[in-house]
Amino acid sequence: MSAKLSGDVYYPSEEVLSKAHIKNWDELSKKATEDYEGFWEERANELNWFKKWDKVIDDSNKPFYKWFTGAQTNISYNCLDRHVKTERRNKLALIWEGENGDFETMSYYRLHKETCKFANILKSMGVEKGDRVTIYMGRTPEIVIAMLACARVGAIHSVVYGGFSVEALHERIEDSQSKVLIVSDGAYQRGKIVPLKEIADEALQRAGGIEHVIVIKRTGQDVNMEFGRDMWYHELANLPIANQSCALEIMDAEDPLFILYTSGTTGKPKAILHTHGGYQVGTYTTLKYVFDIHEEDRYWCAADPGWITGHSYIVYGPLLNGATSFLYEGAPNYPYPNRWWSMIENYGINILYTAPTAIRGLMRFGDAWINRHDLSSLKLLGSVGEPINPEAWKWYHKVVGNEKCPIMDTWWQTETGMFMITPMPCVPLKPGTGTRPFPGIEMDILDDDGKPVGANEEGYLVIKTPWPSMIRTIYGDPDRYVNQYWSKYPGVYLTGDSAKRDEDGYIWVIGRVDDVIKVSGYRLGTAEIESALVSHQAVAEAAAIGIPDDVKGNVIYSYVILRAGVEGTDELKEELRQHVGYEVGPIAKPASVKFVEKLPKTRSGKIMRRVLKAEEMGEDPGNLSTLED
Ligand code: WTA
């Protein structure tokens, strides 16, 4: 970029530039724009295919785009077998630290063997191509192995975040019609055990369909093992069927790899479907270019494998690149607020990718905790999940990155599978913006009528070009896929976010414009919280909204109409918070519960959450013409 940029700009240093894979963003962008298919084809050619494609993009049935049609592959081959055939065989694929100090490393060779073992166990249970397998675990190497094993046998994994609870798990098991559940006995979190198996037992009482439960021993407390259904993984792994070599399933590029449930505009969480071919090309390329992955790197994405960030950038992206990925089980401030910094120092981690909420949380403890550690190994930092406020950006840059690490603020979604708005190390940065769309990808900001808004005006953020790791459909509900994403502006993908574009073309994402709430970077839907509240016997009706919070980004406020005759006490408020925690998960607990007589609704009975929010924030509620009374 030659022209001088406006605002607070951080230009890349000579040192960063000299090492970067991509030294000239404009050149790459020009190339990708001029020959979009050719650009992605070249990227795809860096991976292994059992058979090459007939077509790069097949748009004959929009918006059900297909990529690399006719090609055959398996992402697990590209993550494992491909490296095992080279001198990367003995390189570390994973370094893991448990919250209690347990520690494990795994080379590509060993990860391959462990994956084969797990895959053989799945096969012995009758798991076949296209079957769904639900995974509900903490952050341990086995979650990575389980995901890769599913991919290997062609099963569709559905990972449910270990911080979700009974009803969230039940709903996802039932909707996906999984026949196998992989669960750990528990996970360490802040010195306590999260009893995952116990939660799963409760969920399985509500859900049918699961034939086998594979239980991984992590925390070792007594758990209920149902005879004929539940089996310990370590016992299965000792059986002769658990052979260390396992032929993989040849997958079409468009065969499903996984579904991942996420909250949408209305109703139940929806199963976002990703496929083997395009997803591997998208995650491989974006991680390589944006986090500038080199052979010697030790990369840490501090998300959870149970969210898209973990799928794409803890598991698949790093392994596709043959990188060394670090995984940590527990809380960032356990036992002390220097836990993260001590691990970065201990393992010589040089790339850290995390969320603004974690940065703000750690910033609060002051610089002394971090200054005790030598973090000079760090060369690059990343941020994801919500807009990063400039104050947190600057602290991250100065105190964590010692003013030498560029920050990759990556905007993307479960649906996009890969980074969509993102800098690269060679791009001049401004705190609070992910800069521009990834080369070749066309995005825009539109008003209600579909006209592009002017510079610095707010509008709906949309994507106008298909991309390889795009959502293929909502599993089991293709109509909803079309309605939710492609109907406001025909032919254009609606992100659900609002944004502005500055005079330099940099996009500033503001936040969700639908009923999605981002709490500590986690994506929740108002509907899930409301239906959890209503499932309590004292509650007749409920509404939930997000209210801005300095550390968490947003917190949940809820409004409850009690059933006739129920008294609204403080104890009941606490009971309702706990109830939401039990049903959905601790992250969904409302920060506030208020008892009300009435909720603002439209004449057709829809709750007007923006009216609640405006009142809570002391703002003007705007147009009230549709309000019922
Ligand atoms: C928000 C997470 C601002 C956004 C990968 C998006 C961001 C939603 C950023 C998707 C960012 C994600 N800046 N906002 N860098 N990254 N978001 O599906 O609102 O859990 O629509 O995917 O997170 O959340 P999801």
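**Asn 321 and its surroundings in a predicted model**

Modeller: In this predicted model, Asn 321 is in contact with His 83, Arg 88, Tyr 284, Leu 287, Lys 288 and Ile 293, its neighbours within four places in sequence being left aside.

Colleague: What makes these residues contacts of Asn 321?

Modeller: Contact requires heavy atoms within 4.5 Å. His 83, Arg 88 and the other residues named meet that criterion with Asn 321.

Colleague: Where in the chain does Asn 321 lie?

Modeller: Asn 321 belongs to the loop between helix H11 (308-320) and strand E17 (324-328).

Colleague: Why is Asn 321 called buried?

Modeller: The term applies under 20% relative accessible area. Asn 321 has 9%, and is therefore buried.

Colleague: What makes the approach of Tyr 284 to Asn 321 a polar contact?

Modeller: The limit for a pair of N or O atoms is 3.5 Å. The backbone oxygen of Tyr 284 lies 3.1 Å from a polar atom of the Asn 321 side chain.

Colleague: How far apart are Asn 321 and Leu 287 in sequence and in space?

Modeller: They are 34 residues apart in sequence, and their C-alpha atoms are 8.0 Å apart.

Colleague: How do you know that the radius of gyration of the protein chain agrees with that of a compact globule?

Modeller: For 629 residues, a compact globule would have a radius near 25 Å; the protein chain has 24 Å, and therefore agrees.

Colleague: What percentage of the residues of the protein chain count as buried?

Modeller: Of the 629 residues, 61% do. Among contacts between residues at least 6 apart in sequence, 71% join residues at least 24 apart.

Key: Residues numbered from 1 in each chain as written. Predicted model: local features only at pLDDT ≥ 70, side-chain atom pairs only at ≥ 80, totals over all residues. Heavy atoms only, no water. Rg over C-alpha atoms; globule rule 2.2 N^0.38 Å. Buried < 20%, exposed > 50% of the residue type's maximum accessible area, 1.4 Å probe, protein only. Helix = DSSP H or I, 4+ residues; strand = E, 2+ residues; numbered from the N terminus. Polar contact = N/O pair within 3.5 Å; in protein donor to acceptor, adjacent residues only side chain to side chain.
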